[in-house]
Amino acid sequence: MKLNFMLNGEAVSFEAAPNETFLAMLRRNGVFGVKHGCETGECGACLVLLDGTPVNTCIMLAAQVEGRSVVTIEGVGGAQERGWRGTEPLHALQTAFIETGAIQCGYCTPAMILAAKVLLEQTNNRPTEAQVREALAGVLCRCTGYLKPVEAVLRAAAVLRGDAVAPIDSRPDMPVLPKFFSREARSEEMPPSEITSTLQGPPGVVTRAMPTMVVAPEVDTLQQVGKPAAKVDARKLVQGNPAFTDDIELRGMLVGKLLLSPHAHALIKRIDTSRARALPGVHAVLMHEDIPRVAYTTAGQSDPEPGPHDSYSLDYKVRFVGDRVAAVAAETEEIALRALELIEVEYELLPAIFDPRESMQPGAPILHDEPESFKIEDRDRNLAAIVDWEVGSVAEGFAQADRIFEATYYSPKVQQTPLEPHVVVTWWDEDDRLVIRTSTQVPFHVRRILAPVLGLPEKRIRVIKPRIGGGFGVKQEVLIEDICAHLTIVTGRPVSLEYTRAEEFYASRSRHPMYLTLRTGVTNDGRIVANELYALSDTGANGSHAMTVAGNTGHKGMALYNAPHIKFHADIVYTNTPPSGAYRGYGVPQGFWAVEQQIEWIVREMGFDPLEFRLKNAIKSGDEHPVSKAWSEGREGAPEYIESCGLPECVEQGAAVIGWADKYNNPDWHTVSGQPHLRRGIGVATVMQGTAIPRLDMGAASIKINDDGSFNLLVGATDLGTGSDTVLTQMAAEVLGCGPEDFITYSSDTDFTPFDKGAYASSTTYISGRAAVLAAEKVAAQMREVAARMLNEAAGNGAAPVQPDQIVLRDRAAYAPDGRSVTHREIALNSLHHESQHQIMATASYVSPDSPPPFAAQYVTITLDTETGQITVDEMIMAVDSGVIINPVTASGQIEGGMVQALGYGQCEEMAFDAQGRMLNPRFGPYKIYRADEMPEMGVIFVQTYEPTGPFGAKAVAEIPLDGVGPALVNAVYDAVGVRITDGPLLPEKVWRALRDRQAAQAGEGESA
């Protein structure tokens, strides 16, 4: 049927099927600013304005828009009067989102801007913060923590009112401590002058983009590093330009779909695909007999991949509900789904294991009995991998201890939930090379791992990584690229394959759930003399990242407290549940979930000050990393030393902001006047992470100058919303004496960019950044040579010659000591066209022997309802030592978003399964993701140290916010009501039951007395 309606002010006529969704029709017609994130209207990524009202297009039929008016992000700002591409004016909201750093991956940004636009129109540009949060509540964001989007809307409102707003970087540095608006203040309408003053006021308030900074003196003279430069990809993201994997139109593109197993463990006895193949519009149906049987690992890691190679594109055995059975490529999604229904499968059901504690029991069913799989530790015991090491002798250490504490903790199975599901587009190019356009964190690993699976040499495969709509580790996986490629190989046609939200939950990857038994020996004078951790890690049905995640649990979690005797052992076992994999933090959150709860138990039992005890035992500058020689990603370790550590300052600054001294051990603060059922609590956790994988991770960069004096920066590093393209550009600009705007930055295309291992292990700024700096230094040296020659020729024979090492690059020019200069453009034209013609360019690579850890102190305050078990988180403060911060806005956005992810992990997120292994909550809503109107007050403090091994003194920032929130929350509950809950998440029912159990125990003790 033909539908006539107004789209962004223009009359359009689109064809649509009667059952087609509004979202599908818009995207099929090239309106790519509208995103697919779910099919149930719960994520809000597909939001548009219908007759001025926000609606979710994934739950509307296209037929419902007949005769109506639709506005998408393409119709916001100057999009209706487009001149030269990129020169059209932006709406104040779009500008504010860019300035405040409210854009990370950018997948939800168009929907947020549209929702905010309606709010500003309804409130005459005078919204309260509470109204802003309510307006944005229908759009989920997994990246930002909502702080900066809220600020962006308030800032845009001030601009539209005509109020003056301060530059983003106008902020005092520490030790001035920030203030916080109270939760109650959110409901009050702030007058324009007060909103403006908050934009100019101290950092830490909810409408500030800049974090609180303790500035390292080494960065005082830098021009680009340490500045809140706008993201290099921000403009296209706020305009909704085609930037993501599925934002592409190819003639003849087919739709791929997967048939997934309804059983947790079964052999496929028979598949009949004849009816599906006969369906008109179906071009391919693949089952395990149709493609080569090649064992591989889906873990995107460097060669040789250390984990089990136990995956197959399609297999004769299914090992979890959601495992792949068959694949279809058809003309339309409707035909592909109908073809799946026509495939007949006969299964032989097998016994299944859902509890990792049963995996190694005698008589347990074996998941991987196939002979082709390899690198499995002990398949007969379902043991995918082990990690085992010891520093000193824990037996000796426990003998020295006055008290020994032992407890078992459980860290749950949670999903990364990027707003953009896994999506791949494949096609043959004009040279008969296979192109894989994919939402991945590891494009070079994808090419290398898929080559033998597809039977193609690497040179015939090109992998392109466009913008990524969130990754968080789940896209460090070669997950569906193989199937999409197989379908293109068979059909010769372009194929698009995208997960539904439910498939993203149960057919993707998750965090490894772990049982952690921790034993700690302490002396009466407050020294930890022995620490022993046993981790039972559930890798699910496949061993993706099995060994390395668990290894990280011990390597980081057991290293913060520098005991002389440390032992770690991990058994990583198979179960018939969806496979686990990489998730931001990579095993470290599980470790600190146990360690920091145990520390709190110790200090309360033995009467130590919780902050002093932590700092007394924590690793310090100059110390040898206690685990560095014992373990290194399954390879032989080597000694590493801590050269920068700001943990004491993090503890001090965080305590001051949260008001630790006024709250901890203060009975009056812990109660709420007139509401005896409410109790307040405060918790802390100190944590450390790593920066890259030493002696393994490699990144490279290439830079060349253009005629106008601009530069092309090519990096293999993968920006998944973290701002790494921007940060690498800032560092290169610092060296070359220009601004980030003078760069064309292109990343992650295996044909054109140099190699990079990808976005994981918190390594991009440190590894890829160092490569970019080295390449820039080589280019700068070449520019100085040309500039010196030009200046000497211009001065004539009588003047003293200028040496290249005397030239200073700044302000887009090369300056001699006497002030004479030539511009970057003049240098470029001279070298390319006039004299000694050559291309000024350079490539550099970097592998680090070091992995300097960032440190942090995480503080949380809560209010707990003892009648219901409901926890309300009031404040979250994180003080972080990540070395020198290259871009404070993007870095603080990483911390804010990470804290909110970690809060969900600690409080409300968990994948739930029934007795048959079927996931019970594979959608947003039942799987709880925090909304903008549910956020606590948040503050970020950067305690800058100077890390001598890092580019400009930088260390990692992306993963450490995942480590501390969960245990700090548990410790706050302990502080509030005195109960210890060792298994996450802290659901209200779990807290309520713990309180009731304690009451029952106390009543029993009273009766006994």
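User: Into how many nonpolar, polar and charged residues does the lining of the largest cavity divide, and what makes a residue count as nonpolar or charged?

Analyst: The lining divides into 19 nonpolar, 17 polar and 3 charged residues, where Ala, Val, Leu, Ile, Met, Phe, Trp, Tyr, Cys and Pro count as nonpolar, Asp, Glu, Lys and Arg as charged, and the others, Gly among them, as polar. The model is predicted, so local features need pLDDT of at least 70 and side-chain atom pairs pLDDT 80 or more, whereas totals for chains, interfaces and linings use all residues. Residues are numbered from 1 along each chain as its sequence is written, and side-chain values use heavy atoms, without hydrogens and water.

User: Which residues lie nearest the centre of the largest cavity, and which helices supply at least two residues of its lining?

Analyst: Of the 39 lining residues, Thr722, Ser762, Gln894, Val957 and Ala958 lie nearest the centre, and α20 (724-736), α21 (764-795) and α23 (888-907) each supply at least two residues of the lining.

User: Why is α11 called largely enclosed by the rest of the structure?

Analyst: Buried means under 20% relative accessible area (1.4 Å probe, protein chains only), and 10 of the 12 residues of α11 are buried, so the helix is largely enclosed. Among the buried residues are Phe444, Arg448 and Leu454.

User: What span is expected of α11 at 1.5 Å a residue?

Analyst: The expected span is 1.5 Å times one less than the number of residues; for the 12 residues of α11 (443-454) that gives 16 Å, and the helix reaches 16 Å from its first C-alpha to its last.

Terms used. Helix = DSSP H or I, 4+ residues; strand = E, 2+ residues; numbered from the N terminus. Buried < 20%, exposed > 50% of the residue type's maximum accessible area, 1.4 Å probe, protein only. 1 Å grid on protein atoms, 1.4 Å probe; cavity = no way out; pocket = protein on both sides within 12 Å on 5 of 7 lines; lining within 4 Å.
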